[in-house]
Amino acid sequence: MELKFWGVRGSIPTPAPENLGFGGNTTCLELRLGNGEVVLIDGGTGARKLGLDLIQRAEGKSIDIDILMTHFHWDHIQGIPFFAPLYSPSNHVRFHTTKAASEAKNILEGQMTHPYFPVGFDLLAAKRDFSTLAGSPSHTLCNGGLKVYPFPLNHPQGASGYRLESNGAVIVHACDHEHGDPSLDHVIRTHSEGADVLVYDAQFTPEEYEIKKGWGHSTWLEGVKVAKDAGVKQLVLAHHDPSHTDEFLRAVLDSARQQFDQVIIAREGSSVIL
Ligand SMILES: [Zn+2]
Ligand SMILES: [Zn+2]
């Protein structure tokens, strides 16, 4: 399994020179399974470049993918209207969320209505399906290649984390989450148990968090605590704050490494191989 980061920024794209070492696009991850199938996590602005890459890799063949949506804040959906595979009738895109399928469809249609975007969601050529990942502890995608365990996160208007298992490897994605709710903090730990990789919301430093409580985001220090408690092998700090420059993020990494050896910072274009 390979997990590739196409967008690592939280809240809003930050295409400024001082941020481009780690990247300015918002959340979009690509999971390439051993069986060749592809699953996306979220459709932030990083999805634009990923869509072009998928078309190039397909070499004229049709594209058939699944997209796991964590929630529908702008930084997680804004790349979808620019996701080129949606514009070809031979492609098939399945959106999975923990919301009712009709609600998820309405939300994605909403960001493409007049006067926000020139092409309506209903006019996209690709076959689109919506499924709800709720009501049972796990769901199987990709012809049996991927097992998905959704879990709730503490975030304004809600968000979902995902534990993803394939061929014995485990990735957990827990972004757009604020620590501090005892029951949800416990849920994150149980779902992260023994994970090979935990991608965690590290938008704030512990100092910044003191004045940003209630904003729905966590810290690198809390990520380290979850990783240690759950026996995670590698922690990936993600959902970087728009104000955090490359220099700032390198200092965050230094602080985090003093507490936990196996930590990296998500960088646009980089991959984790499992
Ligand atoms: Zn976000
Ligand atoms: Zn959010």
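1. Asp176 is buried in this predicted model, because 29 other C-beta atoms lie within 10 Å and 20 or more are enough for that label. The residue belongs to the loop between strand E10 (169-174) and helix H4 (182-192). Although Asp176 is not a glycine, its phi is positive, at about 65 degrees.

2. Asp42 sits in the loop between strand E3 (38-41) and helix H1 (46-58), and it counts as buried with 27 C-beta neighbours inside 10 Å.

3. The backbone also deserves attention at Pro115, which a cis peptide bond joins to His114, with omega about 5 degrees. Pro115 is part of the loop between helix H3 (101-110) and strand E6 (127-132). For background, most peptide bonds are trans, and most residues other than glycine have a negative phi.

4. An open sheet of 7 strands has the order E7-E8-E9-E10-E11-E12-E13, with mixed pairing. Strand E7 (139-141) and strand E13 (263-265) each have a single partner strand, so one side of each is left without a neighbour in the sheet. On average, neighbouring strands are turned by 25 degrees against each other, direction ignored.

5. Leu237 has Ile265 in E13 as its bridge partner.

6. Helices lie across this sheet. Helix H7 (residues 246-257) lies across E12 and E13, at about 170 degrees to E13.

Note on methods: Residues are numbered from 1 along each chain as its sequence is written. Chains are lettered from A and ligands numbered from 1 in the order in which they are written. This is a predicted model: local features need pLDDT of at least 70, side-chain atom pairs count only at pLDDT 80 or more; totals for chains, interfaces and linings use all residues. Helices (H or I, at least four residues) and strands (E, at least two) are DSSP runs, numbered from the N terminus. A residue is buried if 20 or more other C-beta atoms lie within 10 Å of its own, exposed if 12 or fewer, and partly exposed in between; C-beta atoms are placed from the backbone. Two strands pair if DSSP finds at least two bridges between them. Axes are lines fitted to C-alpha atoms, for helices over the stretch in contact, and angles run from 0 to 180 degrees between N-to-C directions. Two residues are in contact if their C-beta atoms, placed from the backbone, lie within 7 Å.
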